Amino acid sequence: MNNTPNKKTNNKVTEAPSNFSNLEQMSVSELLYGINQEDGQIHLAVNKAIPAIEKFVSLLIDRIKSGGRLFYLGAGTSGRLGVLDASELPPTFGVPANIVIGLIAGGEKALRSAVESAEDDPEKAWQELQAYDINENDSVLGIAASGTTPYVIGGVQKARENGLLTACITCNPDSPVSKEAEIVIEAVVGPEFVTGSTRLKAGTAQKMILNMITTSLMIKLGRVKGNKMVNMQLTNKKLVERGTIMIMEELKLDKETSKSLLLEHGSVKKAIEAYKKA
């Protein structure tokens, strides 16, 4: 059995042969350590992309403050990651659901199952964007591990032609989508453990970058105080408890008073502000 890295690999493309051979002959332990070994390359690749990420976020902040929105375009895993990131922002930071919007090739159905040929139409993404009355303050981020998805390429291309800020996240260097986007974020993670399965390292890298973009954006938009989610939505008992503790720590109040303030004002930030003004 051969479970050592292959010597002949192309570390620059996600479709390159895996660094490991005969996976089916490996023990569970060998598989897990092998996957973990490969995952160790992800943060290094993302780190190299930080200057491009910084450029995009810096431009994004003023555009969002001016009433713009951020649209994600993706297919398959990439599309699902975009929808996931967008959907988590309202409960985490208390922003409206129309600030960051995730579009996936094939629509809602594609979130749970593959939609045949949905990603092959280069016109579809731009058509879908029209339903949102997009304007010059809006921005489009194409997410495509291979950088070859027609749905994403076409959407980014048309958005840039129409004056929107455009960027892309890809895990292949000099890919087709990189030639269309204004800001190119490339996290070159190398071959996947299972050859071509970009739900692995590429997917993790994309999720990390999306986390970085929207978390830093939300902080700069004033949705975080200190290191606390003071604008989170109180959607369950756990979050009410967390918010109560935040108020207790900030205002040095007892638990009952803190919880009462939180429920009265609907967020940690509003509760603290109201108490200090009283």
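A residue counts as buried when its relative accessible area is under 20%, as exposed when it is over 50%, and as partly exposed in between. The structure discussed here is a predicted model, and with that scale in hand, tyrosine 132, at 31% relative accessibility, counts as partly exposed. Phenylalanine 71, by contrast, has 0% relative accessibility and therefore counts as buried.

**Aromatic pairs**

- A pair of aromatic rings is described by the distance of the centres and the angle of the planes.
- The count comes to two aromatic pairs.
- Phenylalanine 20 and phenylalanine 193 form a tilted pair, with 5.3 Å from centre to centre and 50° between the planes.
- Phenylalanine 20 lies in the segment before helix 1 (28–39) and phenylalanine 193 in the loop between strand 5 (183–186) and helix 7 (201–220), so this pair ties together parts that are 173 residues apart in sequence.
- Both phenylalanine 20 and phenylalanine 193 are buried.
- The rings of phenylalanine 71 and tyrosine 132 have centres 5.3 Å apart and planes at 65°, so this pair is edge-to-face.
- Phenylalanine 71 sits in strand 1 (residues 70–74) and tyrosine 132 in the loop between helix 5 (124–130) and strand 3 (139–143), 61 residues apart.

**Helix packing**

- Helix 8 (residues 237–251) and helix 10 (residues 268–277) pack at an angle of about 30°, with their axes 10 Å apart, and their crossing is right-handed.
- Residues of helix 8, including Gly243 and Met246, meet residues of helix 10, among them Val268 and Tyr275.
- The residues of this contact divide into seven nonpolar, one polar and two charged.

**Annotated domain**

- An unreviewed UniProt entry lists residues 60–223 as "domain: SIS".
- Over residues 60–223 the chain is 38% helix and 15% strand, and the end C-alpha atoms are 15 Å apart.

Key:
Residues are numbered from 1 along each chain as its sequence is written. This is a predicted model: local features need pLDDT of at least 70, side-chain atom pairs count only at pLDDT 80 or more; totals for chains, interfaces and linings use all residues. Side-chain values use heavy atoms; hydrogens and water are left out. Axes are lines fitted to C-alpha atoms, for helices over the stretch in contact, and angles run from 0 to 180 degrees between N-to-C directions. Helices (H or I, at least four residues) and strands (E, at least two) are DSSP runs, numbered from the N terminus. A crossing is left-handed if the near helix is turned anticlockwise from the far one by less than a right angle, and right-handed if clockwise. Contact means heavy atoms within 4.5 Å. Ala, Val, Leu, Ile, Met, Phe, Trp, Tyr, Cys and Pro count as nonpolar, Asp, Glu, Lys and Arg as charged, and the others, Gly among them, as polar. UniProt positions are given in the numbering used here, feature names are shortened, and annotations may be inferred rather than shown by experiment. Rings of Phe, Tyr and Trp (its six-membered ring) pair if their centres lie within 6.5 Å; planes under 30 degrees apart count as stacked, over 60 as edge-to-face and the rest as tilted. Buried means under 20% relative accessible area, exposed over 50%, partly exposed in between (1.4 Å probe, protein chains only).
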